[in-house]
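Here is a friendly walk through one model, question by question. Have the viewer open and follow along.

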Amino acid sequence: MGKKLANKVAIITGSGSGMGAEMATLFAAEGASIVGADINIERANEVAEKIKTNGGQAIAIKTDVSCLADIKKVFKTAKDKFGQVDIVVNNAGIMDDFSPVGEMTNETWERAFAVNVDSVMYATREAVKEFLPKKKGVILNTASVGGTNGGRAGAAYTAAKHAVVGLTKNTAFMYEKNGIRTNAIAPGGISTNIGESIKNASEFGMERQKAGMGLMPGMGSSSSIAKTALFLVSDDADFVNGVIVPVDGGWTTY
Ligand code: NAD
């Protein structure tokens, strides 16, 4: 059987760690050329180097996904280097500090939205510009169970990931007739480095969210996310559009 992503070029944000790194590695093994975009360029470079050592194609670009100029640069570099863009995975993201709205600082709110939502809109807009003329393209967003349920994080992250879910569904709907598929994964608890982005956690919020977290049926791995992502971006999912796929061991059934 041929490789599932042969001759495809995939932009993956947050490619230096966790789910993004796993997706980059798996997509490359399936034949895709990887354009990794991460604010942590050291980690993203390591992932790209490993892919190349294993015979794949990859580059890494230092990118702050909340900065439009950086996103534009990623698309330009992808085209300069590989000639096209076929798949865009909006995966980079940060947690909040578990604060409920009553304790919310504007800074926490704005940062959560800039990195988790504005970034997705910027890259989706660029992706659509690329995909419309050729009537083909795939967008995949990493949302969260925090984007479907209320008791999984603080108010800022929860609202931001709900926004990602809304943008995913609307983009899927709008461009359904134009050969563009847009889906999202809603991961449950996955062992990654995301804890590094949690600072000064709210005591009240931490105490409250124990109720939601307490129901979690265990932690999953980034490779489970990457395998689901591979399905969604490949032609195996050619009639799958606008879905939010929980990969959470069943947590959302509780
Ligand atoms: P991670 O911290 O291991 O990886 C995230 C990557 O994104 C890092 O390499 C980081 O440097 C990068 N990043 C952060 N801010 C950035 C910015 N402004 N610009 C560019 N890159 C940036 O975490 P992960 O768990 O692999 O997170 C991937 C996605 O999964 C995120 O969107 C996160 O919200 C989501 N998610 C994670 C979990 C979980 O339990 N780990 C659950 C649900 C959803």
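Q: Does Lys 135 count as buried or exposed, and why?
A: This is a predicted model, so the reasoning rests on computed positions. Lys 135 has 11 C-beta neighbours inside 10 Å, so Lys 135 counts as exposed.

Q: Which residue of β5 stands opposite Val 89?
A: Val 89 belongs to strand β4 (residues 87-90), where it points the same way as Ile 87, while Val 88 and Asn 90 point the other way; all are buried. On one side, β4 pairs with strand β1 (residues 9-13) in the parallel sense over three bridges, and Ile 12 has Val 89 as its bridge partner. Four bridges also join β4 to β5, again running parallel. In β5, the residue opposite Val 89 is Leu 140.

Q: What is the handedness of the β-α-β unit that β4, α4 and β5 make?
A: The two strands of the unit, β4 and β5, run parallel. With α4 as its helix, the unit is right-handed.

Q: What span does helix α5 reach from its first C-alpha to its last?
A: Helix α5 covers residues 155-174, which is 20 residues. At 1.5 Å a residue, 28 Å is expected. The model comes close to that, with a reach of 28 Å.

Q: Which elements are included in what covers the buried residues of α5?
A: The buried residues of α5 include Tyr 157, Lys 161, Val 164 and Leu 167. An α-helix has 3.6 residues a turn, so residues three or four places apart point the same way. The cover over the buried residues of α5 includes α4 (106-134), β5 (137-142), β6 (180-187) and β7 (244-247).

Q: Which helix gives the most to the shell around the ligand?
A: The shell has nine nonpolar, 16 polar and three charged residues. Among the 28 residues around the ligand, Gly 14, Ser 17, Gly 18, Gly 93 and Thr 192 come nearest. With three residues in the shell, the helix that gives the most is α1 (residues 18-29).

Technical notes. Residues numbered from 1 in each chain as written. Predicted model: local features only at pLDDT ≥ 70, side-chain atom pairs only at ≥ 80, totals over all residues. Expected span 1.5 Å × (residues − 1). Buried ≥ 20, exposed ≤ 12 C-beta atoms within 10 Å, placed from the backbone. Contact = placed C-beta atoms within 7 Å. Pairing = 2+ DSSP bridges. Right-handed = clockwise from strand over helix to strand, strands pointing away. Near = placed C-beta within 6 Å. Nonpolar A, V, L, I, M, F, W, Y, C, P; charged D, E, K, R; others polar.
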